[in-house]
Amino acid sequence: MKTIVIGGAGFIGSLVSQALIASGRQVTVVGRRPPGAHTAPLPCAYRCADLGNRAQMREILEPGCEVIDLAYATVPKTSYGDPVFDLLANLPGSVGLLEEAMAVGVRRLLLVSSGGTVYGPPCALPIPESHPTAPISPYGITKLTIDHYALMFHQTRDLPVVVVRPANAYGVQQRSRTGQGFLAAAIDAILSGREIEIYGDAGTIRDYIHVSDVASGILAALDFGEDGEIYNLGTGIGASNLDVIALLRPLVEAAGHTIQVRHLSSRRFDVEANVLDAQKLCSACGWRPDVSLQQGLTEMWDHALMASSNT
């Protein structure tokens, strides 16, 4: 089976590509830039192309192939600065991909959405797929709109589409200072001697899921999900910013570092808590997260500490 991973060179995409290759698939990674350190060694094809270029997508897609779309040009924090750019940088290309997938006749298109933003303020936790959607960020609104387009293509034109909504992914390859990823930002601040900024008394509560579990969840939805369905990928466990710091503190102090925290005013665009219920995918195929937050955080800290000692 040939699988095309658009956005496959990124933080989540590179792990997804590895998992697809391990499953025996013939993988083509599509990225906007030449392959980086995490993608170049993979035994797969690589194409430099832009999701927004319909001609390039038309050339890359093949009849009967699988397509995983992880491409996205913005992050939640920066989307507030230019909502129009957030819309124009993401929506036309994503809808164009649906058109091209329809025209060529793919076996399945799996769209990676955002479980952390599309639901908005929760009525209850954990959040199932049936929860109302009321995003409060341009990023979340655009993501949800793309979800709706994908499901519309399925309902009206029989495009085989599955949507997954991951919670907050983290892992050793996550870049800091990008405007998202509290764990990577906190570790970077500690090793740089800067304060960790927390908005509000305890910060926000998030469902942190290890990137390897996101990758395995995407494969599970690709293999066992039903067309036209949405699947959350989360742990069902929430941790506040202060909870994360409490887990980090023994690791930090054992290495001779200190933690400095600065509390700032709460931001109106932050959802206070987001924890996902992933029972739907678990019931479909038995998928469940494998890495605890303590395990994953320790792995991130050890990797960052070693990297900082080598610079």
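Mentor: Happy to! Let us begin on the outside, with Leu88, which is exposed at a relative accessible area of 57%. Please keep in mind that this is a predicted model.

Now to the rings: the structure holds two aromatic pairs. In one of them, Tyr72 and Tyr139 have ring centres 5.0 Å apart and planes at 70°, so this pair is edge-to-face. Planes over 60 degrees apart count that way. Tyr72 sits in the loop between β4 (66-69) and α3 (76-79), while Tyr139 is in helix α5 (residues 138-157), so the pair ties together parts 67 residues apart in sequence. Tyr72 counts as buried, at 17% relative accessibility, and Tyr139 is buried too, with a relative accessible area of 10%.

The other pair is Tyr80 with Phe269: their ring centres are 4.2 Å apart and their planes lie at 35°, so the pair is tilted. It links distant parts of the chain, 189 residues apart: Tyr80 is in the loop between α3 and α4, and Phe269 in the loop between β13 (261-264) and β14 (273-274). Tyr80 is partly exposed, at a relative accessible area of 26%, and Phe269 also counts as partly exposed, at 29%.

Finally, look for charges over rings. The charged end of Lys143 sits over the ring of Tyr72, 4.1 Å from the centre of that ring. Elsewhere, Arg267 lies over the face of Tyr199, 3.7 Å from the ring centre.

How values were computed
Residues are numbered from 1 along each chain as its sequence is written. This is a predicted model: local features need pLDDT of at least 70, side-chain atom pairs count only at pLDDT 80 or more; totals for chains, interfaces and linings use all residues. Side-chain values use heavy atoms; hydrogens and water are left out. Buried means under 20% relative accessible area, exposed over 50%, partly exposed in between (1.4 Å probe, protein chains only). Rings of Phe, Tyr and Trp (its six-membered ring) pair if their centres lie within 6.5 Å; planes under 30 degrees apart count as stacked, over 60 as edge-to-face and the rest as tilted. Helices (H or I, at least four residues) and strands (E, at least two) are DSSP runs, numbered from the N terminus. A charge sits over a ring if NZ of Lys or CZ of Arg is within 6 Å of the ring centre and within 35 degrees of the ring normal.
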